[in-house]
Amino acid sequence: MSDKPFFVGYLPAPGGLRGCLVLAGALLMLGMAAAGFALGVAQDDPGEGAFRFDYGRQTVTGVVELTPYPLIHVTEGNDRIKAGETFMMSAGGKSGVDGRAAPLAGQVAQVSGVMLERGDLYMLQLRGGRNGIRAAEGSGAVPEPQDLGRWRLAGEICDGKCLSGAMRPGRGLAHKACANLCLLGDVPPVFVSTQPVEGSEFLLITGPDGTALPEAAYDYVAQYVTVEGQVRRHGSLLVFAMDPDTLALAP
Amino acid sequence: MSIAPSLIFFLQVWGGVGAGVALLFLAWGIDRIDEDARGAYVFRVLIIPGILLIWPLVLWRWWQLEAQSGRWLARYQPVRRAHGLAALAMSVAIALIVFFGLSARQDWPADIAPVRVETGS
């Protein structure tokens, strides 16, 4: 029978193996701690975007516009959301509110939900069914879009909900699959520009001529790209109608 | 169809076939190949997610056991040398994937400023 020491978990460690076990244990712990630290410091700062449950439920009234992604041009605001502002909406989970908003296009509607906020960008996640959006009394019209010309932009195509704070991080390659699922669910896409365009670094992005985000764009989501398109101001929000033929990875 | 909808479609088809296999296997097949499972039903619900994922393997093992073509002794052999090589290759592959993934990562093109190509109407 061999005299080599043999480790059994429920018995005291053999003398000849103790040093090796202590060394291996210490190296394993230090290695794991170092790997965790290295992975942590290599990550980008996820920013301050978040669900603002602390603001409470937000209920405002405004005019619905389809870009085709639905927007609300606020006519009667509250403490947080002022009249004259324009914002995007989503439903719970990875879903948009196109189906609920489409019958109200051009009409005054009351919307209610919880805010997601990242800096100047915010969105409302609506409550379910008619509690989230319904026709309301009042008057108002969709403001005439202001054509700001054709622009060449660099930045990233994201889903507006996660970017606004539903996920942390809500952008970048690690978030690509989630972003694509959100976009397939009709969550409004948002372009994050490297530098502000007419005062805003976040633009709602659509396809050309009032179409939804082109299929070609899905392969570029979460990567840094350059793209050309028409920029229009819809209320207080910029809408970027991208030209898919100009989409390319940023150098 | 771009890559993202294609992936979703593939997963839907994979899961749909897996659900069919799970129904067939748990309602009928498992009683034929595992006598210990006969009369036991609650655990079958627990293995549905696994069958959805690896249904080709389930079908293959089911067929092996039905046809008694599997080498049952092989299941009790110690880890073979090929497994060690595979483990080593996977470890190296993971390290290489992380390395090349980080190498291919783009830098935020902060120096590319927005340019107005044409003025608005």
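**Exercise 1.** Find out how β8(A) and β1(B) are joined, and which way they run.

*Solution.* Start with the strand of chain B, β1, at residues 115–118. Three bridges tie it to β8(A), and the two run antiparallel. (Strands are DSSP runs of E with at least two residues, helices are runs of H or I with at least four, and both are numbered from the N terminus; two strands pair if DSSP finds at least two bridges between them.) Now pick out one residue: A:Arg150 has B:Glu118 as its bridge partner in β1(B).

A quick note before going on: this is a predicted model, where local features need pLDDT of at least 70 and side-chain atom pairs count only at pLDDT 80 or more, while totals for chains, interfaces and linings use all residues. Residues are numbered from 1 along each chain as its sequence is written, and chains are lettered from A and ligands numbered from 1 in the order in which they are written.

**Exercise 2.** Work out how many residues each chain gives to the contact.

*Solution.* Chain A brings 23 residues and chain B brings 19, counting two residues as in contact if their C-beta atoms, placed from the backbone, lie within 7 Å. On the side of chain A that touches chain B, β8(A) gives the largest share, eight residues.

**Exercise 3.** Describe the layout of chain B.

*Solution.* First count the elements: four helices and one strand. Then read along the sequence, and you get α-α-α-α-β. Finally, take the extent: the C-alpha trace spans about 75 × 45 × 25 Å along its principal axes.
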